[in-house]
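Hi,

Here is the structure I promised to send over. Have a look at it first, and my notes on what turned up follow below.

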Amino acid sequence: MTECYIRVAEDENEEPMEIPSEEDGTVLLSTVAAQFPGACGLRYRSPVSQCMRGVRLVEGVLHAPESDWGNLVYVVNYPKDNKRKMDEMDAASAVKIKRGVQKTSDLIVLGLPWKTTEQDLKDYFSTFGEVIMVQVKRDAKTGNSKGFGFVRFTDYETQIKVMSQRHMIDGRWCDCKLPNSKAGPDEPMRSRKVFVGRCTEDMTVDELRQFFMQYGEVTDVFIPKPFRAFAFVTFFVFFPYKYNLFCVRHSFCPHI
């Protein structure tokens, strides 16, 4: 199952925020708690009975009702002895108002080195402003990094600043932008990383770099190991083509 976002709010009458699910469709309680500190579960109002229902929680993992989160808005549960009461709302209200006004979003971080951890991400992005969530996406079976992650900031101004520049993380250039599902119709294409398919094992990083330099300044070339017949080329500025590049039948790959 592909990753999706579910809508979660602290109260039924509040504007919800979107929280990413895992590959199998579940949602980690830690992901919810990263946005709503102290959260111990989720509940929702049944469209049939109009009663509140609890979301099943097993070992820190929240499971979708009837295997589908749908378009419902899920409300955060807090422990009874930690519930926010009127006399404890001052500091929490300030955070909620700030979050609502600024409307920050989860940003996807592309091109992460395999060794980068969530602590590494937090340490790096904390230099720009307050970080309220970081996540490195990993393969469910091997636990290895997938080469991308997510970060969310408290302030909208910090989010804009981070999106406006490239980032050198653990020795690799990375891009930070809104996920495709979040980008508006007027959001410009900012992709600088190009997928190169149909590569052969005798191709080298230097050969790819030299070839693609004719299209612009190349900042990074990545060939996966073990070899998987493709590579990624990253340009310093936005690459003008709207499609992925393949090694075609020309002087660069005369044997294809």
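The protein chain exposes about 15100 Å², and carbon and sulfur atoms supply 52% of that area. Please keep in mind that this is a predicted model. Of the chain's 256 residues, 41% count as buried. The fold is built from five helices and 17 strands. If you take the contacts between residues at least 6 apart in sequence, 61% of them join residues at least 24 apart.

As background, nonpolar side chains tend to be buried together in soluble globular proteins.

Helix 5 (residues 205-212) is worth a look too. Its residues Leu208, Phe211 and Phe212 are buried. Viewed down the helix axis, the buried residues of helix 5 fall within an arc of 85°, so they line one face. Asp206 and Gln210 are exposed, on the face turned away from that buried side.

Finally, the charged pairs. There are six salt bridges in the structure. Here are three of them:

- Glu22 and Lys137 meet through their side chains at 3.5 Å, N to O. Glu22 sits in the loop between strand 2 and strand 3 (27-28) and Lys137 in strand 10 (residues 131-138), so this pair links parts of the chain 115 residues apart. Both Glu22 and Lys137 are buried.
- Arg152 pairs with Asp106, with the closest N and O atoms 3.2 Å apart. Because Arg152 lies in strand 11 (residues 145-153) and Asp106 in the loop between helix 2 (89-102) and strand 9 (107-110), the bridge ties together parts that are 46 residues apart in sequence. Arg152 is buried, at 6% relative accessible area, and Asp106 is buried at 2%.
- Asp175 and Arg166 form a salt bridge at 3.1 Å, N to O, and both residues are buried.

Happy browsing!

Best wishes

Note on methods:
Residues are numbered from 1 along each chain as its sequence is written. This is a predicted model: local features need pLDDT of at least 70, side-chain atom pairs count only at pLDDT 80 or more; totals for chains, interfaces and linings use all residues. Side-chain values use heavy atoms; hydrogens and water are left out. Buried means under 20% relative accessible area, exposed over 50%, partly exposed in between (1.4 Å probe, protein chains only). Helices (H or I, at least four residues) and strands (E, at least two) are DSSP runs, numbered from the N terminus. The arc is that of the directions from the helix axis to the C-beta atoms. Contact means heavy atoms within 4.5 Å. Accessible areas come from the Shrake-Rupley method with a 1.4 Å probe; for residues, only the protein chains shown count as cover. A salt bridge is a side-chain nitrogen of Lys or Arg within 4 Å of a carboxyl oxygen of Asp or Glu.
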